[in-house]
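Morning, everyone. Please look at the model on the screen while I talk.

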Amino acid sequence: MNIFDLARPNIRELVPYQSARRIGGEAAVFVNANEAGGAVLAGFEGAINRYPGAQPLELVQDYAAYIGVKPGQLLATRGADEGIEVLIRAFCEPELDSILIQPPTYGMYAISGETCGVQVKTTVSLQEADLSDAKLVFVCRPNNPTGEMMDAQQLKELLIRANGRALVVVDEAYIEFSEADSVVSWIEDFPNLVVLRTFSKAFGMAGLRLGMVVANEDCISLLAKVLAPYPIATPVSAIARQALTNEGLAAMRARVREVNALRGALAGQLEDKGYKVLPSSANFLLAEGGELFDKLLAGGVLARKLGNQTRISIGSSDEMAKVQEALNG
Ligand SMILES: *Cc1c(COP(=O)(O)O)cnc(C)c1O
């Protein structure tokens, strides 16, 4: 399958904005981008007077090494949320194309679809869904808000069935909590697979606003055309690179182990109180009962109410002790 055939015709033809960074060039003095000529902020190590590149190349190299792909198979974005939007803008023609989701799932797929004028189709089962007019199929894995992980064999079948018609976007926002289940290595075998990653969850850096799109080079080059010219702020890539050092990765994995243990403990406490809890592969639990939300709130703990279910994020051990107090209160 040629990925270009799936893209919107106007994006296929589009020549991206030719920023000074993109045009590039070697010189002793740079007066090509209307930037200030010298240091403007004492004590700041980065060249904050300069625009960053179209992509943070060193960060992309570090992330590629971390997940075992080639740098050309990555696009750094302002959160996975921007990855979702850029995919829709590159592949879905407004008023004509649609995206497919299986609710309950992450809310931004539908919101981004709506804001781009693209139809949002829903199905009760992606396995059995008609894929004939969807351009993008979103699979949140582990799923937010249920925490469940779509079976790998079923995902493979979906990719095969969608091949030639649709991209399958596997949102791995929570995959570090179950690292072995990642499908990033599959991008070599499935040209229509796109994976989304983020620094917001297991890396603990939601304030950075940084995510990654992982896909084959052709797909990445299409998405890069649609992305804003200087998307990743210089301090953001500097901080993110620290998270990808050996120490940074060890700290992230230690956090994952702690969160997974706290999640198990909270599941036990909830079940002891008679709440039904869904098994979760992420840093949250979904429990039955809207009144659970009210009980927690009465104890000073704000969870997320989703219909007659309550989603509880797994925070620090101190925070989880407060959750337990509120449960007992
Ligand atoms: C939190 C979340 C995101 C958003 O990630 P950002 O990188 O913070 O934009 C994307 N997908 C899912 C499933 C999420 O839960």
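First, a term. Buried means under 20% relative accessible area, exposed means over 50%, and partly exposed is in between, with a 1.4 Å probe and protein chains only. By that rule, tyrosine 66 and phenylalanine 203 are both buried.

A word on the source. This is a predicted model, where local features need pLDDT of at least 70, side-chain atom pairs count only at pLDDT 80 or more, and totals for chains, interfaces and linings use all residues. Residues are numbered from 1 along each chain as its sequence is written, and side-chain values use heavy atoms, leaving out hydrogens and water.

Now the rings. Rings of Phe, Tyr and Trp (its six-membered ring) pair if their centres lie within 6.5 Å; planes under 30 degrees apart are stacked, over 60 edge-to-face, the rest tilted. That gives nine aromatic pairs. Take tyrosine 66 and phenylalanine 203: the ring centres are 5.7 Å apart and the planes stand at 80 degrees, so this pair is edge-to-face. Tyr63, Tyr66, Phe199 and Phe203 make up one aromatic cluster.

On to the sheet. Helices (H or I, at least four residues) and strands (E, at least two) are DSSP runs, numbered from the N terminus. Two strands pair if DSSP finds at least two bridges between them. Seven strands form an open sheet, ordered 1-7-6-5-4-2-3, with mixed pairing. Which strands stand at the edges? Strand 1 (74-77) and strand 3 (119-122) do; each has a single partner strand, so one side of each has no neighbour in the sheet. Strand 5 (residues 167-171) pairs with strand 6 in the parallel sense, over four bridges. There, aspartate 171 stands opposite leucine 196 of strand 6.
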